[in-house]
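Q: I've never looked at this one before. Could you walk me through how to read it?

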Amino acid sequence: IELQQIEVKPGDFVIVYFGVNDAKVNNFFQKATRPLNLWPGYIQLLGFLRIKLNLQVANWIWLETVQPDFDRQLNRSKVGAETLLADLMKIHCFSEQTGSKFIAILQPHIFTKKTSDTFETNQKKKYASSLEKVISLQYKAYLSSFSGFGWFQDFRHAFDTLDESPYLDWVHVNSSGNQRIAEEIFE
């Protein structure tokens, strides 16, 4: 929709930079540990306290008592990759029609970085139980779906050589991270 509203000329580059932000687990794909799984509405209530009221104790309780439902998440990852592939193929066709060059870039995240500083190690510990496996499932689905296309670029290891962390959290980056991604794009 956005591309159709701007002038894209032959020789222009159309770049889609995507990652796992939208692959996060929602309440439907969560399950409480025993015996809390017997309490109707437990996940919704705790989610409200964490997100809407921003209660740190609720976040800690969430990390200790709620786990992703990996069977549902695996299916959701495959569907998400298929949906994204269809959208990327539309953009690729648009680029061919306009004579522009299309590139789809898979974003790195904190769990793809080979070495970690103290900040990154703490972030990995904070999110390991609730997030690492979920985003790993989504990345595997993306790689399985996109790896055969010439327009696909895997940037998961773009930050491996950086000494200082480019991350603000598990996925969002600071100005040095944005600079490194821009350098990788131009390379």
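Q: What percentage of the 187 residues in the chain is buried?

A: Some ground rules come before that: this is a predicted model, where local features need pLDDT of at least 70, side-chain atom pairs count only at pLDDT 80 or more, and totals for chains, interfaces and linings use all residues. Residues are numbered from 1 along each chain as its sequence is written, and side-chain values use heavy atoms, leaving out hydrogens and water. Buried means under 20% relative accessible area, exposed over 50%, and partly exposed in between, with a 1.4 Å probe and protein chains only. Here, buried residues account for 41% of the 187.

Q: Which residues form a nonpolar patch on the surface?

A: A patch takes residues with over 30% relative accessible area and no salt bridge, joining nonpolar side chains (Val, Leu, Ile, Met, Phe, Trp, Tyr) within 5 Å and like charges within 9 Å. A salt bridge puts a side-chain nitrogen of Lys or Arg within 4 Å of a carboxyl oxygen of Asp or Glu. In this chain the patch is Trp 39, Leu 45, Phe 48, Leu 53, Leu 55, Val 57 and Trp 60. Helix H1 (42–51) and helix H2 (56–65) each give two or more residues to the patch.

Q: Is Val 57 buried or exposed?

A: Val 57 lies in helix H2, and Val 57 counts as exposed because its relative accessibility is 52%.

Conventions. Accessible areas come from the Shrake-Rupley method with a 1.4 Å probe; for residues, only the protein chains shown count as cover. Helices (H or I, at least four residues) and strands (E, at least two) are DSSP runs, numbered from the N terminus.
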